[in-house]
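Student: I have a new structure to go through and would like to ask about it piece by piece. Can we start with the overall picture?
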Amino acid sequence: VHKPSLVYDVTATSPSVLLHNGGRFRLQRMPAGSQVIYGPEAREPIVHITQAIAGALDKPLDAEPLASRLRADMKLTIAFDDGLIWLMPSHEPDGRRLAIEQVLEMAAVAGVDDVELIVARGLNRRLTNSELERVLGERVYDAFGQQGWIKQHDAEDPEQLVDITNGNGQIQINKRAVESDLLIYVSSMATSAQQIVASLAGRDTALRLQQSDSTEIIDSALNTLQLFHVGTISDERSCARSMPFVEFREPNWRLRDRLAANVLCSITQTVPRSVAQAFWKTLRTDRRLVAVEAGSVQSTVAALQSRNDEVSDHSSNLTVDVLSVDVPQSIPFATPTHANPIVALHYALSRALSGRPVLKPGGVLVLHYPLAAEFDSARQLCYFDFYNRVLGKLSGTEAVSEDIVKTFAGDHWYTQLYRNSYAYHGVHPLVLWRQCQQYMKQVEAVLVIGGNATVAERLGLRSLANLQDALEVARDLLSMNELNFAHLHTPTSSVAKS
Amino acid sequence: VITESLSGRTIAITGATGFLGTVIVERLLRSGGGCRVVCIVRPSRRFSAWERVRREIVRNDCFDRLRAELGDEFDTYIDEHLSAIAGDVSQEGLGLDEDGIKELAKCDTVIHSAAAVSFDSPLDVAVEINLLGPTRVADAIHQSGANAHLIAVSTAYVAGNRRGDAFEELITETWYSPDVDWRAEVTSGRRVLADAQNSSRQAEQLRKFWKTARRELGPAGTPLIAERSEKLREDWVKQRLVEQGKARAQSLGWPDVYAYTKALGERALLETRGDTAVSFVRPSIIESALEEPTPGWIRGFRMAEPIIIGVGKGLLKGFPGLPEGVLDVIPVDKVVAAICTIAAAGPNEQPGVYQIASGSRQPLKYRTLVDLTTEWYREHPLYDADGQPIIVERWDYPRRGKVQRQLNEAIRALTVAEHALQVLPLRGKPGDWAAKLEESRISAERARGYVDIYSAYTESEARFRIDRTLALYESLDDEDKKQFNFDPIDIDWRYYLHNIHLPSVVEQGRVRNKPVKKTSIDRAARARQTLLSPARQMAVFDFENTLMRSNVINHYAWLTSRNLSNYERVALAAKRLPRFPSLLAIERKDRGDFLRAFYRWYKGAPAEQTRQAGQDLFNEFVLGRIFPDGIQRVRDHKAAGHHTLLITGELDIVVEPLRELFDEIVCARMSEEDGVLTGELIEVPPVGEARALFVKNYADQHGFDLSECVAYADSSSDLPILDAVGHAVAVNPETRLAAIARRRGWFVEKWTSEGNAPLPASIVDRNEVATSA
């Protein structure tokens, strides 16, 4: 039975809470009187997947049924986002794959020959072959990959981009997408029109979309593209098979679970990181399709969002002075080996502060994370550079100047790595950092427990040894004797958002 | 009276650039009533005698007082009263030219203070300078026709290892001094040199030097190993002569070669002086100045200083010596005052001997010295690298034999451990173990050296009488007594050590005497500032283990096995495995042969496919092992406008994606036939010494100055290239290279694939960031 979200009041006899600490685990006793906020459990998966997808495609929201739009001589492009690739591989087929397979079957029936798949990656890194195979399934990957019909969007390739504003070069969008008679965009989560356009845009257009006055661009792009959106939502029980207790809420743990958790904590804390990583690599998750919607972008996005809102609404209108979050192993933009400090901070901030935040404006956010200056050289060289050369010189909340953005955006070396290797675009760290700064304006301070002090300082955070100290500092910062403290428990079901 | 008597004289001096000589020159110029001073100085390769005098004597802070007293007239005064003639005491007739002889002829007094003062000089050097020096000076005076008074500075320790009073007697009249034929000693000293040279050139020895040089440098290429091996041979010869000298000295009852050759020098001078008037001045251990020219003035590191610093650093916790024995120390200005007085007084009929020492008049007990030193250090501690004060422990007075045995054992154990570590291919932290071992070994060896050389002095029980010197002092009038005070009675040892000598030594020793923690960041930042200075012109990078953690074998394995199942991979590895040992053996010998042999494995591979696989290899394997700091450094060099050059044994297909970072890539290229790789290289990348040659030619072609180039490399096979450029950087050096880098003061970088050695923010200006694109 699906359990909704829950606010649990901690008493003196409450059990410790299991914290993710990057790829490791830790048990933390929460102070009595505080609260632990558990997210909703994974929703019941769709049982008859084929019918559900077919239903969505046949009766799309605010759009003609897909079958009626397919013609034999048409140019068809299926774009799909690069979401969820940071998560553990699933036992179950990916939601995108299920939708794409069905779309391809319909296209085959209609006799469409000119079909191409595009990874709508925006300024993110290219997907590796194995990741592509994981998302698309062996059948589609083999059939299309060998023909060279799977392309990865390249925001830096002038050949692949076209200006949709008739020559003044303002809005650059993927050429194939623009020239297609029909562009089917398959998303892996509740997305937004802005994200869809950005994922297929040229570099400068994508950067402009990050700014607030982006509606014009979105509108003209959506007007130009013959877009049919297929949105999927998958929920996961992250370790349902290998470590079921991680799924359960701590107050419901049995003795066996408690023992297992203790063992897990001590093992992950003592083994070298490479061993912990090897352990994570062996894990498979259970991610299943829970919703699928198709039709016009606006309607689909709204429908998907409301599906998420149904479950993620916390039962009470709780607001706290201090909120703590932990950072698990698999987070967006992290690589299997490294979550660099900026990416980790970004994850924590967006989880705590997006939507309707539990933390009051001007409150204190506490991070449980062993923050360290470690970077994946294959994918995040630009982060390393940004962290050392730019962050090292900025003070506190000082904004990153437009000059520096231009420097990183135009850096040939990072551009080359973005285009040919599996690296994020050179400007990626700046986009993420600016978002971090926006979030950090909403809070009084961000404290990090167990992080390297130098790294914390460089990010504008403060490093503390333990939760008690952090709460003490929060009390000082907020000049309050008594404060409401809650811990936002890592969701067992990843209602994935980005 | 002394000043007046010196006034108008011309006084020549040898050894003017030495510790004692500098002070004599200063004193004569300042208090000599305008006498002229002629320095007999050996010209160096770069500087003439006069230039040396200007640079090494006049510019020394010893002259600060005179400079202040004379003000603007200082330069004119120096030009008028100080001159130099080129001469060398190790040559017959001092090697004087005609002008020199003429100058010398004008002199009234010649002070001979040139000496090989080191207690462990090689026998040949000590013989030439200490033994024959005085005789040669007398000869030169005689030949020039001058009627000069020769004041020969000797040492009180010519008395040898004896107990009881040592009087101011001529060496020939001292009953306990062995009657040695100095000419025979000279002949045998020279023969010992020839013998040592000969035996060092025996095939067996030469092979040993070569082997040792190879072990130290690894595959660094023939020219460097040859250079090192020759250096080892020269060191060996020198060591032989040091040992011979010491043995000969001790066999005759002198503590070391210095006292032995000085004693025979006195003997030789007495025999050959002819009618030249001679006075001997025998100081004991000369230390920093009590008052003149300034309290605490000292030049260079002399006898007691290394020990004093060693104690302060906690390196020495005991030193053999007799606690109740007397350590005979005399401040340099006392010696100088005595010499000036003797010069002014002129010669006696018979050669006079003046000892100037404190032991019989104002003795400093060894125990007092130790107590005062430890007491002072407790209030003025030195600090370790972490900014923590070093506590000086209680001192003990062990027997010499025991200390020597302990040190010998420790050194042997440390050497074995060090060799063991050098054989292992260690990098990073384990590499630091070797550094620590080396450090301990060197300090142990240094301690053993101190014990060997100096314990004769701390254990000495001779009492140097200074009756004649005192009588001379008593004969002075009150004004002279005040001005030229050489009576040791007024030395307050506590005051001298605490307020004058120890502060001066610590100051000179460049040791940490303030609790400031030197952060490694500072050093790293400075290093990088040097490397990235706009003055640099080119940066040369090695690839494997310098910019990334991988090698050609890994890359081959990745390329050949990427499409294989696990089973096939194992089968392939099994097929290749037996050939690895021979391949590794080749690599140890010659990297070029290794590359040629290894690349044969690519024979028959489809060319186009392999080329495409190159980018995959880079994306999926190489890039993840790359050192972000290294890449950043390449970019920094580029941003600073330097030419960037990559030299690697990798195949072109592997390094192709790096073109963006480098102005030039030199790598291996393979020929192909009918779309298949032949396994033969069209271009063999330069390795070992060929790399250095390549870089030299490359720099010439592009008009770069090698001394303004920077090279980054990780292994001792890259030594030639590191050696060739002006700024060498050892990246994650293996043990051997780490040892060499430490010795030569090269920069060392420790880069990891996570890049957690962040570039200090201070160096790269934000403007540079903005323009680096």
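Tutor: The secondary structure of chain B comes to 32 helices and 18 strands. Helices (H or I, at least four residues) and strands (E, at least two) are DSSP runs, numbered from the N terminus. The model is predicted: local features need pLDDT of at least 70, side-chain atom pairs count only at pLDDT 80 or more, and totals for chains, interfaces and linings use all residues. Residues are numbered from 1 along each chain as its sequence is written, chains are lettered from A and ligands numbered from 1 in the order in which they are written, and side-chain values use heavy atoms, with hydrogens and water left out.

Student: What percentage of the residues in chain B is buried?
Tutor: Of the 773 residues in chain B, 55% are buried. Buried means under 20% relative accessible area, exposed over 50%, and partly exposed in between (1.4 Å probe, protein chains only).

Student: And the surface of chain B, how much of that belongs to carbon and sulfur atoms?
Tutor: The accessible surface is about 34100 Å², and 48% of it belongs to carbon and sulfur atoms. Accessible areas come from the Shrake-Rupley method with a 1.4 Å probe; for residues, only the protein chains shown count as cover.

Student: Let's look at strands. Why is strand E2 of chain B largely enclosed?
Tutor: Strand E2(B) covers residues 36–41, and five of its six residues are buried, so the rest of the structure largely encloses it.

Student: Which way does E1 of chain B run relative to E2(B)?
Tutor: E1(B), residues 10–14, runs parallel to E2(B), and five bridges join them. Two strands count as paired if DSSP finds at least two bridges between them. B:Ala12, for example, has B:Val38 in E2(B) as its bridge partner. E2(B) also pairs with strand E3(B), residues 82–86, in the parallel sense over five bridges.

Student: What about E5 of chain B, how many of its residues are buried?
Tutor: Five of its five residues, 149–153, are buried. B:His149, B:Ile151 and B:Val153 point one way from E5(B), while B:Leu150 and B:Ala152 point the other way. In a regular strand the side chains alternate between the two faces of the sheet.

Student: Which strands does E5(B) pair with?
Tutor: Strand E4(B), residues 109–112, pairs with E5(B) in the parallel sense over four bridges, and B:Val110 stands opposite B:Leu150. Strand E7(B), residues 277–283, also runs parallel to E5(B), joined by five bridges. In that pairing B:Val153 has B:Val281 as its partner.

Student: New topic. How many disulfides are there?
Tutor: Zero, over all chains. A disulfide is counted when a pair of cysteine sulfur atoms lies within 2.5 Å.

Student: How many residues does each chain bring to the contact between A and B?
Tutor: Chain A gives 32 residues and chain B gives 32 residues. Together they bury about 2800 Å², 55% of it on carbon and sulfur atoms. A:Arg389, A:Lys393 and A:Trp413 supply 26% of the area that chain A buries against chain B, more than any other three residues. Buried area is the accessible area (1.4 Å probe) that two parts lose on being put together, summed over both.

Student: Last one, the backbone. Which peptide bond is cis?
Tutor: The bond from B:Glu292 to B:Pro293 is cis, with omega near -10°. B:Pro293 lies in the loop between strand E8 (285–287) and helix H13 (304–312) of chain B. Most residues other than glycine have a negative phi, and most peptide bonds are trans. B:Leu94 has a positive phi, near 60°, and is buried with a relative accessible area of 1%.

Methods:
Contact = heavy atoms within 4.5 Å.
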